[in-house]
Amino acid sequence: MNEIIIELEEITPKEFFGAQNANIELLKKYFPKLKIVARGNKIKAFGDEELLEVFDSKITMLLKHFAKYNKLDENNIERVLSSDSSDDYATSQQSGEVIVHGVNGRMIKAQTTNQRKMVELMRKNDMVFAIGPAGTGKTYTGVALAVQALKNKEVKRIILTRPAVEAGENLGFLPGDLKEKLDPYMQPLYDALRDMIPAEKLAMYIENGTIQIAPLAFMRGRTLDNAFVILDEGQNTTHNQMKMFLTRMGKNAKFLLTGDPGQIDLPRRTISGLKEALLILKDVEGVGMIFLDDKDVIRHKLVKKVIEAYKNIENRD
């Protein structure tokens with residue numbers, strides 16, 4: 001009897017097999033003449049050679065589907081198994097605005113005009129500045145673009161960084177080692193990643209260095225190549241920090257810098273590296289800049305009103 005063994009790589013078997021192996025049971029119904037066994041991270045199939053070849057090609061299609069959409073259910077399986085190629089079951093071109101399919105198949109899209117402009121700018125430029133107030137989706141959209149680039153194998157790693165400026169709090173009083181102290185500060189980046197990458201896979205990526213989350217000081221002396229790099233909260237960089245970061249750019253790298261010049265936590269009379277960079281680089285070819293505003297706020301509707309109220313007070317000062 002002929003046999004093939006398919007090993008699952010970078011895919012959580014439990015999620016691919018389904019609850020109580022429901023997806024495997026469905027495969028058995030579609031291939032009643034094969035003996036199919038799923039154990040550990042392997043799928044074994046026994047039977048006629050020609051039938052095994054068909055099974056192998058269908059499993060490959062299912063694995064690609066799962067890698068792209070992070071989801072596999074009865075409808076997906078039936079659509080894939082009854083198709084000749086991915087063109088028959090892939091998401092239509094009309095949903096091209098979907099940046100990445102997150103956990104449980106959640107579709108993560110650019111939701112506003114400026115977010116869509118940000119996506120376009122990132123496609124055309126290797127370095128983009130995304131500027132705007134809190135809640136405009138700068139960081140979230142950026143992380144989605146980074147995950148998309150990693151999934152499409154356009155880059156080998158994602159590097160997320162923030163300047164470790166204490167926003168009115170002293171890290172020295174927090175318990176734990178440096179990583180434990182900084183992890184809460186990096187929380188917005190972790191939150192975005194958890195929406196887009198299944199927990200076990202994300203943990204693996206962080207453990208093997210495919211995804212790195214670190215304070216800006218850790219970038220010194222490194223050359224960042226084959227990477228999608230996001231500098232978040234860029235308004236809190238100094239002149240030297242910003243210059244250091246921008247000159248880390250290596251081959252096949254994408255740099256996205258986000259920030260809100262209205263929320264600077266630097267000491268008084270310290271010039272924001274972000275504000276300075278926007279002036280210095282505004283006419284440099286290959287550098288894109290997008291300015292988001294309160295129309296792009298996608299948090300609670302009250303956030304827009306809060307931004308507007310503060311803007312009115314600040315304009316009077």
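What share of the contacts in the chain with a separation of 6 or more comes from residues 24 or more positions apart? The figure is 70%, taking contact as heavy atoms within 4.5 Å. This is a predicted model, so local features need pLDDT of at least 70 and side-chain atom pairs count only at pLDDT 80 or more, whereas totals for chains, interfaces and linings use all residues. Numbering starts from 1 along each chain as its sequence is written, and side-chain values use heavy atoms, with hydrogens and water left out.

On the overall layout, the chain has twelve helices and eleven strands; these are DSSP runs numbered from the N terminus, with helices being H or I of at least four residues and strands E of at least two. Buried residues make up 47% of the 317 residues, where buried means under 20% relative accessible area, exposed over 50% and partly exposed in between (1.4 Å probe, protein chains only).

Now to the sheet. Six strands line up as β8-β7-β9-β10-β6-β11 in an open, parallel arrangement, with two strands counted as paired if DSSP finds at least two bridges between them. At the edges sit β8 (211-215) and β11 (287-291), each of which pairs on one side only. From one strand to the next, the twist averages 15 degrees. Inside the sheet, β7 (residues 157-162) and β9 (residues 227-231) run parallel and are joined by five bridges, and I158 faces F228 of β9. Helix α10 (residues 239-246) lies across β6 (127-131), β7, β9 and β10 (254-259), at about 155 degrees to β10. Axes here are lines fitted to C-alpha atoms, for helices over the stretch in contact, and angles run from 0 to 180 degrees between N-to-C directions.

F228 turns up again in the packing. The largest nonpolar core holds 36 residues, and L193, M196 and F228 have the most contacts inside it. A nonpolar core is a set of buried Ala, Val, Leu, Ile, Met, Phe, Trp, Tyr and Cys residues joined through side-chain atoms within 4.5 Å. Helix α6 (residues 138-151) is the top contributor to this core, giving seven residues. Neighbours within four places in sequence aside, M196 touches a list of residues including N70, V100, Y140, V143, A144 and V147. A second, separate core has 26 residues, among them I4, I6, I43 and M61.

The aromatic side chains give four pairs. Rings of Phe, Tyr and Trp (its six-membered ring) pair if their centres lie within 6.5 Å, and planes under 30 degrees apart are stacked, over 60 edge-to-face and the rest tilted. F16 and F17 are edge-to-face because their ring centres are 6.4 Å apart and their planes stand at 65 degrees. Both of these residues are buried, and together with F66 they form one aromatic cluster. F31 and F55 also make an edge-to-face pair, since the centres are 5.2 Å apart and the planes at 90 degrees. F31 belongs to the loop between α2 (22-30) and β2 (35-39) and F55 to helix α3 (residues 49-69), so the pair ties together parts 24 residues apart in sequence. F31 counts as buried at 8% relative accessibility, and F55 is buried at 0%.

Finally, D73 lies in the loop between α3 and α4 (74-81). With a relative accessible area of 26%, D73 is partly exposed. Its C-alpha is 8.7 Å from that of A22, although D73 and A22 are 51 residues apart in sequence.
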